[in-house]
Amino acid sequence: MIEKLRSMAIFATVVDQGSFRAAASHLGLAPSRISQTVSNLEKELSVTLLYRSTRQLSMTSEGQILYAKVSEMLQAAETGLDSINVLSKQPTGELRVTAPAFIAQTGMIDLMAEFSTANPGVDLKINFSDRPRDLIKEGFDVGIRAGFLDDSELMSRTIGQSAKLLVASPDYVANHPTPTHPRDLEAWKWIHFSMRPERAEMISKSGKSTHINCTYQIEVDSAQALYEFAIRGLGITAIPENLANRGISRGELVHVLPEWSLPSLGLYAMWPDRSRRESLALIFVRFLADHSDRL
């Protein structure tokens, strides 16, 4: 029975990783051994679990049924291990995290480094990307999100905030009349972040909120790209404070309308409520939240 359970776990890993070679790399085994294990399982069950081609693998209907059950089995097993981890002094296991790219240049990277140092038994695999990732489909245990929450199926916790500044290059600012009110910026060209509304909200020192329409020629899906286009004089944009301050200190950017502010980006940690690494994810999220004053 133990050998059969092992074979089923290897089969599930092949499905999760998308190929025998990727599964072999993930498990530290030879691809031929992975392939033979799945073939032996198929022979023992007298069914075909995977359709094999030179380009991809796909599950048969029997494979889909078995994969669903094996996934539940593995999740139950790992949840049990995680429950023990919570009680131990040194949590162990792999934790897959995804976060916006700009996070790599904030204080959160220091917290992640400290977490790793304090928990040498935890293997952190972090994906930095401004493209929204599907935690469940792509197998991430924790997702860091900036902005607004819209995933009702996920558990979440606030871990901090990230301020934004409105910036443009010195040349671009010099070539336009000095703005005295956010409405003056409607005539400026904007560099738009594709995952944000096309209307910008600005808040005066008295707390009054004003919304303005943004006309843009360039739209990107990366905060770093916003920065790069802004320093090249292609328009005005709102970027995370850490990026803005870097450009301002180098003389590449100017803070536009500093007497007005932009709403801060909320920083949230999210995780599936049935994650295989639920307890380990909670330990990680709790660590970030407890040190949110350093973000």
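View 1. Contact means heavy atoms within 4.5 Å. Val142, Ile144 and Ile159 have the most contacts inside the largest nonpolar core, a set of 41 residues. Such a core joins buried Ala, Val, Leu, Ile, Met, Phe, Trp, Tyr and Cys residues through side-chain atoms within 4.5 Å. Buried is under 20% relative accessible area, exposed over 50%, partly exposed in between (1.4 Å probe, protein chains only). Helix H10 (residues 278-290) gives the most to this core: eight residues. Another core, of 16 residues, lies apart from it and includes Ala12, Ala23, Ala24 and Leu66. Helices (H or I, at least four residues) and strands (E, at least two) are DSSP runs, numbered from the N terminus.

**View 2. Helix H8 and its cover.** H8 spans residues 223-231, and its buried residues are Ala223, Ala225, Leu226, Tyr227 and Ala230. Their cover includes strands E8 (189-193), E11 (215-220) and E12 (237-240), along with helix H9 (241-249). At the start of H8, a side-chain oxygen of Ser222 comes to within 3.2 Å of the backbone nitrogen of Gln224. Just after H8, Gly233 takes a positive phi of about 75 degrees.

View 3. Strands E9 and E10 (residues 209-213) run antiparallel, joined by five bridges. Strands pair if DSSP finds at least two bridges between them. Glu201 has His211 in E10 as its bridge partner. Five residues lie between the strands of the hairpin, where Gly207 takes a positive phi near 95 degrees.

**View 4. The open sheet E12-E7-E13.** Three strands pair antiparallel in this order. E12 and E13 (254-255) stand at the edges with a single partner strand each, so one side of each has no neighbour in the sheet. Four bridges join E7 (residues 164-168) to E12. Leu166 stands opposite Ala238 in E12. H9 packs on the sheet and touches E7, E12 and E13; its direction makes about 105 degrees with that of E12. Axes are lines fitted to C-alpha atoms, for helices over the stretch in contact, with angles from 0 to 180 degrees between N-to-C directions.

**Notes.** Residues are numbered from 1 along each chain as its sequence is written, and side-chain values use heavy atoms, without hydrogens or water. In this predicted model, local features need pLDDT of at least 70 and side-chain atom pairs count only at pLDDT 80 or more, while totals for chains, interfaces and linings use all residues.

Definitions and conventions. Polar contact = N/O pair within 3.5 Å; in protein donor to acceptor, adjacent residues only side chain to side chain.
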